[in-house]
Amino acid sequence: MALPSYTETRYRIWHYIYITICTFVFFFLIAPLFVIFPLSFNAEEFLVFSEGMKNLDPDAFSLRWYKDMIYGTKNPWGLAAKNSFIIAIFATIGSIILGTLAALGLSSRHMPYKGIIMATLISPMIVPLIISGVAIFFFMAKVGLAATHAGIVLAHIILGTPFVVITVTATLSGFDHSVTRAAASLGSNPVNTFMKVTLPLILPGVISGGLFAFVTSFDEVVVVLFLAGLENTTIPIQMWTGLREQLSPTILAVATCLIILSTLILISAELLRRRSERLRGINR
Amino acid sequence: MSSEIKQILTTDGIPLEVSLKKAEKKNKIKAFLLVAPLLLFLIITYVFPIGEMFSRSIDDKMITNMLPKTFKEMEKWDGQELPPEEVFTAFYYDFKVLVEKQEHGKLGQRLNKEKNGFNSITKKLFRQVKRKKIDESISIKEQIMKVHKRWRTVEYWQAIKRTAPPYTMSKYLKGMDMYYAADGSITQVDEDRRIHRILWLRTLEIAFFVTLFCFLMGYPIAHLLATLPMKYSNLLMICVLLPFWTSLLVRTASWMILLQQQGVVNDFFVMIGLVADDNRPEMMYNKVGTYVAMTQILLPFMVLPLYSVMKTISPSLMRAGKSLGGTPFVAFYKVYFPLTIPGIGAGCLLVFILAIGYYITPALVGGASGTLISNQIAFHMKQTLDWSFASAMGLMLLSGVLVIYWIYNKLVGVDNIKLG
């Protein structure tokens, strides 16, 4: 953002203030994430930068907390990670199927009561999680699914579908319906048309909705706190207990892994978005 | 010519209008069937349970079922003086049943909530009934009144009468620090015990200021992102998107590390000489921690809607404003700013809705003075197990959120929510 040479001094000053503010805000957004990296390699047990770390003494750094995370005897991270992945994968599949079907229906111009139905389908995203947690807990307790994987998966499908509905509806809004009519006129049945024509075109939207659903499930703690028993502990539950009770550097090792995971997800989401824009012919 | 001849017929001989309507209806059903699985699933697992929260929050059937005879007799009692013999007799027989079922303790606890002192006098009465000290052939009223002086006090019988209806609004009143007084009127609790009102106000205050901070910080960077050339803005966008995709607990953990007394922020303050080393301020476990952490966590939800609106504003509009004689400030204020109002509305409402129901971050960094209404709900769900009160508080919060959601829907439209 170079300023034109004729800019008056006071606007020049304003411009620099503006750039400073922006720099500060970007720093505020991103810097907290980076404090975790070095501390997770801390050789000591405290969550502060030791003198050795400040002087970049190699002895002050170690992998002991990563070893503890993987091999630690009392550490529940292995079970938690397994549970988290199982639950998130099933919840994602469920959200994608239900959400995509619903989005297809909602995008049809024949859909009756579109507004109110859309508002209902999106509501789990808007209603405070604590209320969703209480309501889902009452339901799961009644049908006997509290403290089971199935119960948590169902709960996460509830929370994940709004994202799929939103992203797929957005993709379908630029969708040219004449291609499905063309397929039909060439003798394809509706299921075949969907699989061969519609799905490949909306796939980026479906996958990015699925990513949202995955992250929602993988990161969800409020509802799981109500639903989970000891057997169903997940990574967020373990982090939550750890942060409340004893803040150990092992948590930072886990957090570092999670940041790497979210970076990977961010990259795939960005690539998908660009691909989707290219497919839909939006050039910026 | 009659109108029937004018009608256009399809090849099957059916009027086109009828045929079209039929086809449209078929399409409608098809579209609805696609939505039906998710809608049904949500209604069963989500919408109904929220409705159940409501019935749970006003439910007071337990005591109604415990004292059926008493409440029937009490209908005839005017509630002014001590009830007549029949009420005492009915109460005695109800109580006897409860003693056999060993449920007298529950009755005592429930009545104690209505009026303090019931717990001990029901225990006293229980001992008398258990030892069969009460002679059913003579006046039961006299004998019960002898058990304890409170059984001779009309206020206690009035309290029992108040519990008669199977539904009660008392949980909602409790959520607003009010209760039913002896005469049935709604009264406020003493000033020093109004904890819930403080929590509601604090929740609103924190949600409001977090929204304001997010707006003040989000607007400039959304503007920068929207006006920079693509190759730079994509890079900076990562600064917004990476926190957005990162686990909430990870971000909260990083704030706990930064804000602790020996943490990086305090170290920095000591280094630049803002505070003394032995006098490091407490920045966590209070409101400061909640504000800072929540603002950073919710900031992407402000930036993304603002960005998507600002991206559509052509830069030539600002140039036109300036060329017509406006200073950059005037051009910004009169041209650019009004065009971004839809984005401001969307971002602010979204952040406010999310902030008002926040639970995790305040629970971890908020301490006692930084907790919100959600924490109180969780407390009653997990610790006191007063689920009906938790439901009542939850629904009070939900009604507030739904009002904002409704406004959001009117202003922005839920189908215009953009992600990423």
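Analyst: Happy to. In this predicted model, the largest nonpolar core has 163 residues. The residues with the most contacts inside this core are A:A102, B:L298, B:V351 and B:A355. Among the helices, α15 of chain B (residues 287-310) gives the most to the core, with 14 residues.

Once its neighbours within four places in sequence are left aside, B:V351 is in contact with B:V210, B:T211, B:C214, B:L298, B:F301 and B:M302.

Now let's step back to chain B as a whole. Chain B has 20 helices and two strands, and 37% of its 420 residues count as buried. Take the contacts in chain B between residues at least 6 apart in sequence: 66% of them join residues at least 24 apart. As for overall shape, the radius of gyration of chain B is 32 Å, whereas a compact globule of 420 residues would have one near 22 Å. Along the principal axes, the C-alpha atoms of chain B fill a box of roughly 100 × 100 × 40 Å.

Next comes the place where the two chains touch. The contact takes 74 residues from chain B and 77 residues from chain A. On the side of chain B that touches chain A, helix α2 (residues 16-58) of chain B gives the most, with 18 residues. That side of chain B divides into 53 nonpolar, 16 polar and five charged residues.

Chain A has its own layout. It is divided into domain 1 (9-65) and domain 2 (78-245), and the C-alpha centres of these two domains of chain A lie 36 Å apart. In helix α1 (residues 9-34) of chain A you will find A:F27. A:F27 counts as exposed because it has 11 C-beta neighbours inside 10 Å, and a residue is exposed at 12 or fewer. A:F27 and A:V222 are 195 residues apart along the chain, and their C-alpha atoms are separated by 29 Å.

Most residues other than glycine have a negative phi. A:Y113 has a positive phi, near 50 degrees, and is not a glycine. This residue is found in the loop between α5 (77-107) and α6 (114-126) of chain A. With 11 other C-beta atoms within 10 Å, A:Y113 is exposed. In chain B, B:L385 is another residue other than glycine with a positive phi, here near 60 degrees. The loop that holds B:L385 runs between α19 (373-382) and α20 (387-411) of chain B. B:L385 counts as exposed because it has 9 C-beta neighbours inside 10 Å.

Finally, a word on confidence. The model scores ipTM 0.87 and pTM 0.85. Chain B averages a pLDDT of 85, and 96% of the residues score at least 70. Among the elements of chain B, helix α11 (residues 195-227) has the highest mean pLDDT, at 93. Helix α1 (residues 3-6) of chain B has the lowest, at 57.

Key. Residues numbered from 1 in each chain as written. Chains lettered and ligands numbered in written order. Predicted model: local features only at pLDDT ≥ 70, side-chain atom pairs only at ≥ 80, totals over all residues. Helix = DSSP H or I, 4+ residues; strand = E, 2+ residues; numbered from the N terminus. Buried ≥ 20, exposed ≤ 12 C-beta atoms within 10 Å, placed from the backbone. Contact = placed C-beta atoms within 7 Å. Nonpolar A, V, L, I, M, F, W, Y, C, P; charged D, E, K, R; others polar. Domains from an automatic or database assignment. pLDDT = per-residue confidence, 0-100. Core = buried A, V, L, I, M, F, W, Y, C linked by C-beta atoms within 7 Å. Rg over C-alpha atoms; globule rule 2.2 N^0.38 Å.
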